[in-house]
Amino acid sequence: MGPHAQQLDAGRDQLAAAAHDATDDWPDRALALARSFGELAPAPGEGRTAELWDLLSVLGAAQLSVARVVEPHLDALAILRQAGLGDPEPGSTWGVFAAEGRDVRLEARETPDGWRLHGVKPWCSLAGALTHAVVTAHTGVAARRAFAVQLGSPGVDVLPSAWRALGLPGIPSGPVRFDDVPAEPVGADGWYLDRPGFAWGGIGVAAVWYGGAVGVARRLWDAASVREPDQIGQAHLGSADLALGSARAALASAAAAVDDGAAEDSAGALLALRVRGTVAAAAETVLGIVDHALGPAPLAFDPDHAQRVADLRLYLRQHHAERDAAALGRSLLAAGEAPW
């Protein structure tokens, strides 16, 4: 085990404590934690994917808001690495802004002085606090490309946001306007979505969902440790364990497939749909079980639990529910073989 792996393997308690500490002086400490993990954490697909996703799940179980800062930073670094662009600027903190909106559009235009971005990008989480981002922009009618952007550049304007979320309140996710902003291409047209790492990054998000569900389930365990549960309470514990076990197994199997080279192209996309769907369903199951088991009291009088539940519910909506299930069904039909 190399020195980086030894540091990351220092212990789950230490990782959790670091996540809790990072909620102070928000978001500066969380961003500093993201930078430190950026120097230590492995990239997906290089033999230590399980270690990476375990790190994200531990952070998610401790503090989802902190994990929500660390995960996109690590994802951006992996994207740059996959594109062959090397290490980012020292001390930088990164996001990934790839969502699209109905009424806004970000375009990239090539000029004699390089590429320039024009327009508005929605759902740019924590844009006002980050130094850089990987941003997708339209290069034609149907073509998009990823670009590396310095968010402190002239012409970058973080617009006022209507963000009023009870979940992840410290991660505002609003629009950013780009007015003739220089940008460095990250791959060719279509590369961002076509690369194997796109699917792997999506599974990394699911690892954080899993961690968030573990954090919620621990409140159930704490209650059972204080007062011996009856048979219904025991069933709640058993059902939560089954749900979390299915998610944990899906993540472990996916990590092995990624590192074995068995999660690329259509196989990687199919794997991501399966794992994300499995983990999202498990997390939603855990939320329901804990609600039923504990009733309204912890949601009303336990601020940590109430916040964790609100954070997880919002974060899970990155999964597109039935639409992602439909996408999985289409992928299975396109493969042309019975999957079971």
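**Figure 1. Trp115 and Phe147, a buried aromatic pair.** Both Trp115 and Phe147 are buried, where buried means under 20% relative accessible area, exposed over 50% and partly exposed in between (1.4 Å probe, protein chains only). The structure is a predicted model, in which local features need pLDDT of at least 70 and side-chain atom pairs count only at pLDDT 80 or more, while totals for chains, interfaces and linings use all residues. Residues are numbered from 1 along each chain as its sequence is written, and side-chain values use heavy atoms, with hydrogens and water left out. Rings of Phe, Tyr and Trp (its six-membered ring) pair if their centres lie within 6.5 Å; planes under 30 degrees apart count as stacked, over 60 as edge-to-face and the rest as tilted. By this rule there are 2 aromatic pairs. The ring centres of Trp115 and Phe147 are 5.3 Å apart and the planes stand at 55 degrees, so this pair is tilted. Trp115 belongs to strand 3 (residues 114-125) and Phe147 to strand 5 (residues 144-150), so the pair ties together parts that are 32 residues apart in sequence. Helices (H or I, at least four residues) and strands (E, at least two) are DSSP runs, numbered from the N terminus.

Figure 2. Tyr192 and Phe198 form an edge-to-face aromatic pair, with 5.6 Å centre to centre and 70 degrees between the planes. Tyr192 counts as buried at 9% relative accessibility, whereas Phe198 is partly exposed at 36%. Arg195 lies over the face of Tyr192, 4.7 Å from the ring centre. Arg195 also lies over the face of Trp191, at 5.5 Å from the ring centre. A charge sits over a ring if NZ of Lys or CZ of Arg is within 6 Å of the ring centre and within 35 degrees of the ring normal.

**Figure 3. Nonpolar cores.** A nonpolar core is a set of buried Ala, Val, Leu, Ile, Met, Phe, Trp, Tyr and Cys residues joined through side-chain atoms within 4.5 Å. The largest core has 86 residues, and Trp53, Leu117 and Phe178 have the most contacts inside it. Helix 7 (residues 196-226) gives the largest share of this core, 14 residues. Leu117 touches residues including Leu106, Ala137, Phe147, Val149 and Phe178, not counting residues up to four places away in sequence; contact means heavy atoms within 4.5 Å. A second, separate core of 11 residues includes Leu77, Ile79, Ala148 and Tyr192.

**Figure 4. Ala99 in a loop between strands.** Ala99 is found in the loop between strand 1 (94-97) and strand 2 (106-111). At 28% relative accessibility, Ala99 counts as partly exposed. Leaving aside neighbours within four places in sequence, Ala99 is in contact with Lys121, Pro122 and Trp123. The C-alpha atoms of Ala99 and Lys121 are separated by 7.6 Å, with the two residues 22 apart along the chain.

Figure 5. Trp26 and Pro27 are joined by a cis peptide bond, with omega about 0 degrees. Pro27 is in the loop between helix 2 (12-21) and helix 3 (28-40). Leu126, which is not a glycine, has a positive phi near 60 degrees. Leu126 lies in the loop between strand 3 and strand 4 (132-138) and is buried at 8% relative accessibility. Leu168, also not a glycine, has a positive phi of about 50 degrees. Leu168 lies in the loop between strand 6 (156-158) and strand 7 (173-186) and is buried at 4% relative accessibility.
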